[in-house]
Amino acid sequence: MPHAGRRPGDDLVVQAHHKGFPAHAVGRPVAELRGDLRLAAGGFLTPVLLLDSAAMDHNVRALQGLCEESGLSLSPHVKTTMSPEIIGRQLDGGAWAVTVATVTQARALRAIGVRRILIANELVDPAAVSWLAEQLDDDDGFTGYCYADSEAGVRVLEEALAARGGRRRLPVIVELGTSGGRAGLRDAADAVRLAERIGRSRWLRLAGVGGYEGLIGGSLRPEDLDEVEAYLRVMRDVADKVFALDLHVGEGPEGEEFIVTAGGSAYFELVRDVFDARWRAGRPIRPVLRSGCYVAHDSVAMRDFRELMAHRCDPLELRPALELWARVLSRPEAGLAIVDFGKRDTGTDTGMPVPQHVLRCGDTVVGPAPDARVTALNDQHAYLEPADATTSPTLDLQVGDLVGFGISHACTTFDKWRLIPVVDADRTLIGAARTLF
């Protein structure tokens, strides 16, 4: 019987290809399964990725609160999850807009009714430009931004817009990059010149200045924070010069605003402190944070960045919301356990999953995992070995035991799942989140 009270995801129907759900769930809406699937009762097949509802809600409230207290607008980079249910929580929680990286992602979000989208990337495909212009022309309540970092890119935008004769100008943000980084102008003076070029275009509207600081440093040294802050200050100086050109006025509800946007997934507090209210000084400048991973956080990479920020301030506290549970398949050697997840189930680009919990075969109480580490992954298998084989050469695990892992980098884990069970503190199903990858 369905439980009382509708929740996002209740109408989603479990399909045979949805990983982690048992056979009796196939063909049934999530609402019928709420409360019935529980990890400790063998309710899920393994591997299964569980999303902790309370931890996710905490993260949404925490970053939204930081933004509201400091006058920042939040435009979460939803390519992390591409989940309508999670994005809905972020928008309901107060997010100003959403950020994506591609027109395909933007198109998926327009299909579910999102009204303000920041494409944090250059558009140089005429078909992509034409689609965005069509969205602007067809819906006066929609605003879609993109980046530009070259005269050649500006010409692509203008030629595509001129070819279709759109009635609204396309809002464009000038991207400032870093030496050795990815896209974005390397020279501040060049960024100002390109902004002036955009501001005088018939087809484009100068919407602001943006960039991405997340790839700066990366060694987790306190000196990295100095490099990130220096880059943000250059962006602020460029924004001052571009704002002074007085070329950002345009049609639409955002026409008078000037956006200054940074990534912020790792360095929320630095963005807050550099783009503070004293700098804005009453000007119609909207500082926008585009953080993505915060909604699920993680147990490795993003956690390490939070610890790094402790060298500067009392960092925002986030909670890991994803757990990957897998079953021990084989104990072929004393110091080796093979478990049933692999590269198809989790990202490893910023670190291997970390064993945190164990549910012994036949038991119903979750306990701490043995001191172990994942040393290698195949497509569907993980190799689990003692964390320190010299002091503890064996593993206290048996065939059939369930091991719960914290993941690293939510962005490359969400995309491996199409329907993710959302659970309560007892790891009992209370909802689900689909993904649109």
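The following exercises, each with a worked solution, concern a predicted model.

**Exercise 1.** Determine the order of the strands in the eight-stranded open sheet, and state which strands lie at the edges.

*Solution.* Step one is to read the order, which is β2-β9-β8-β7-β6-β5-β4-β3, with parallel pairing. Step two is to look for strands that pair on one side only; these edge strands are β2 (73-74) and β3 (98-100). Strand β7 (residues 204-211) is joined to the parallel strand β8 (residues 258-262) by three bridges, and Val 209 stands opposite Val 260 in β8.

**Exercise 2.** Describe the largest nonpolar core and the surroundings of Leu 232.

*Solution.* Begin with the extent of the core: it has 112 residues, and Leu 170 and Leu 232 are those with the most contacts inside it. Next, identify the element that gives the most to this core; it is helix α8 (residues 222-244), with nine residues. Then list the contacts of Leu 232, leaving out residues up to four places away in sequence: Glu 213, Ala 262, Leu 270, Val 271, Val 274 and Phe 275. Finally, note a second, separate core of 19 residues, which includes Phe 21, Ala 25, Val 30 and Leu 50. As a general background, nonpolar side chains tend to be buried together in soluble globular proteins.

**Exercise 3.** Check whether the span of helix α2 (residues 53-70) agrees with its number of residues, and characterise its ends and its surroundings.

*Solution.* At 1.5 Å a residue, the 18 residues of α2 should span 26 Å; the end C-alpha atoms are 26 Å apart, so the two values agree. At the start of α2, a side-chain oxygen of Asp 52 comes within 3.0 Å of the backbone nitrogen of Ala 54. Just after α2, Gly 71 has a positive phi of about 80 degrees. Because 13 of its 18 residues are buried, α2 is largely enclosed by the rest of the structure.

**Exercise 4.** Decide whether Met 82 and His 409 are buried or exposed, and describe their backbone.

*Solution.* The cut-off for a buried residue is under 20% relative accessible area. Met 82 has 2% relative accessibility and therefore counts as buried. His 409, at 17% relative accessibility, therefore also counts as buried. Neither residue is glycine, yet phi is positive, near 45 degrees for Met 82 and near 70 degrees for His 409. Met 82 is placed in the loop between β2 and α3 (84-92), whereas His 409 is in the loop between β16 and α12 (411-414).

Terms used: Residues numbered from 1 in each chain as written. Heavy atoms only, no water. Pairing = 2+ DSSP bridges. Helix = DSSP H or I, 4+ residues; strand = E, 2+ residues; numbered from the N terminus. Core = buried A, V, L, I, M, F, W, Y, C linked by side-chain atoms within 4.5 Å. Buried < 20%, exposed > 50% of the residue type's maximum accessible area, 1.4 Å probe, protein only. Contact = heavy atoms within 4.5 Å. Expected span 1.5 Å × (residues − 1). Polar contact = N/O pair within 3.5 Å; in protein donor to acceptor, adjacent residues only side chain to side chain.
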